[in-house]
Amino acid sequence: MKNKNNQFNLASSLVNKVLDIKPIANLARQRARDMMIKRAGKIGVNWIANVEHLKSQNWSLDGIQNQDLNYPAYYTLPFHAYPEGNLDWEPAWEVESAALTVHSTIWSGNKNPQADGDAQLRDSYHENLVKYIKDQPHNILDIGCSVGMSTFALQKIYPQAQVTGLDLSPYYLSVAQHRAQKEQIKEIQWIHALAESTGLEESSYDLVSAFLLFHELPQRPTLEILQESYRLIKPGGYFAMMDMNPQSSIYREMPAYILTLLKSTEPHLDEYFTLDFASSLIKAGFAEPLIIANSPRHRTVIAQKPK
Ligand SMILES: C[S@@+](CC[C@H](N)C(=O)[O-])C[C@H]1O[C@@H](n2cnc3c(N)ncnc32)[C@H](O)[C@@H]1O
C-alpha cells in the first residue's frame, strides 16, 4: 500500500512539475479542450456554433457591472484552464456547453457520455429541495449563479417565486441576462456582488441556494458566505447547496496524479475537500444539516435557520 502511495505521490509531483512548464501546460489545455469539444459533439452539443452565435451578439458590461467591486485575490486566479479565470467573455460564452459536456459522464462514464447528464444532476438536487423543504419558498437567492443555468432551473421548479441570481463575474451575468431576455423568462433580478457581502436586506429570503459554488472557494470566503447566508435567510428558511462530494468513492479512490490534474484547473479544491461543511453550517447558526449523495460524485446539503 505504502509503495502504491509513493508511486501516486511521485506521479502527482511529476504532473505538477510538468504543468509548471508554460508551453506544456498550454498544450495540455488545448488537448483537454479539443477532447471536450469532441465529447460535446457526441452528445449533440455544437460547442463551436454555440460560441460563435453568442460571440456575434452585442456585448457590454454596462448596466450589470458594479464598478465599485474589488475582486478578491482568490477569484482572479486562472480557473478551468482559462488564464483570466471567470473574468472574460470566452469562459462566459463557453460555460454552458462546458457544463453540459462535463456532466454528461456522471452516470454513464467517460466512454458513454449522455446528453441528459446535466439535467439529471440538476433534477437530483431539485428533488431533494422539494422533498425536504416543505414550505414553497417565495424569495430565492441563487449565489454563484454564473450564466443562470441554476437560476432558470430554480425559477422553473418554483414558478411563483421571485428569484435573484448573484455572481461575481459581470461577463457571466451579461450572458444570463441575454438568455433571460431572449427566452422572455419571468423577471429574474441579476446582481453583481460578492456572495460574502451582498449588501442585500437581512431576513429577506426563504431559500439561499448555491449550485457548484463552494468547490471554487478557499475556506475563509466559504465561512463568510455561510454567515452572510444566515443573515439573509428568514427565520425558518433554508440554505441549500449542491457540489462535489469529497466522501464519494470516486474522489476517495481517485489516483493522486488525476486529482492533481483536476486541481490544476480548480485552484481551491484542497480547501473545499478538507472543510467540514456540516460543522461550519452549525457554527454559522444553522440547525444540523441533511447531507444527501445525489449523484455518484455530488452531494446536496440542506440546513434550516432556526425559527
Ligand atoms: C461553477 S460556477 C456555478 C455554476 C452555476 N451555479 C450553474 O448552475 O451552472 C461558480 C460560480 O461562482 C461564482 N463565484 C465564485 N466566487 C464567488 C463569490 N465570492 N461571490 C459570488 N460569486 C462567486 C463564479 O463567478 C462562478 O460563476
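This is a predicted model: local features need pLDDT of at least 70, side-chain atom pairs count only at pLDDT 80 or more; totals for chains, interfaces and linings use all residues.

Colleague: Where is Trp-47 placed?

Modeller: Trp-47 sits in helix H3, which covers residues 47-55.

Colleague: Is Trp-47 buried or exposed?

Modeller: Trp-47 counts as buried because its relative accessible area is 3%, and the cut-off for buried is under 20%.

Colleague: Which residues does Trp-47 touch, leaving out those up to four places away in sequence?

Modeller: Trp-47 touches Arg-33, Met-36, Ile-37 and Ala-40, and also Glu-94, Ser-97, Ala-98 and Thr-101.

Colleague: How far apart are Trp-47 and Ala-98?

Modeller: In sequence they are 51 residues apart; C-alpha to C-alpha, the distance is 8.0 Å.

Colleague: And which side chain makes a polar contact with the Trp-47 side chain?

Modeller: That of Glu-94, at 3.3 Å.

Colleague: New topic. Where is His-192?

Modeller: His-192 is in strand S3, residues 189-192.

Colleague: Why is His-192 called buried?

Modeller: Because its relative accessible area is 5%, and under 20% is classed as buried.

Colleague: What does the His-192 side chain reach at 2.7 Å?

Modeller: The backbone nitrogen of Asn-66. The His-192 side chain also has a polar contact of 3.2 Å with the side chain of Tyr-71.

Colleague: What else is His-192 in contact with, ignoring neighbours within four places in sequence?

Modeller: Besides Asn-66 and Tyr-71, the contacts of His-192 include Ile-64, Gln-65 and Leu-69, along with Asp-167, Leu-168, Ser-169, Pro-170 and Leu-173.

Definitions and conventions: Residues are numbered from 1 along each chain as its sequence is written. Side-chain values use heavy atoms; hydrogens and water are left out. Helices (H or I, at least four residues) and strands (E, at least two) are DSSP runs, numbered from the N terminus. Buried means under 20% relative accessible area, exposed over 50%, partly exposed in between (1.4 Å probe, protein chains only). Contact means heavy atoms within 4.5 Å. A polar contact is a pair of N or O atoms within 3.5 Å; within protein, one must be able to donate a hydrogen and the other to accept it, and residues adjacent in sequence count only if both atoms are side-chain atoms.
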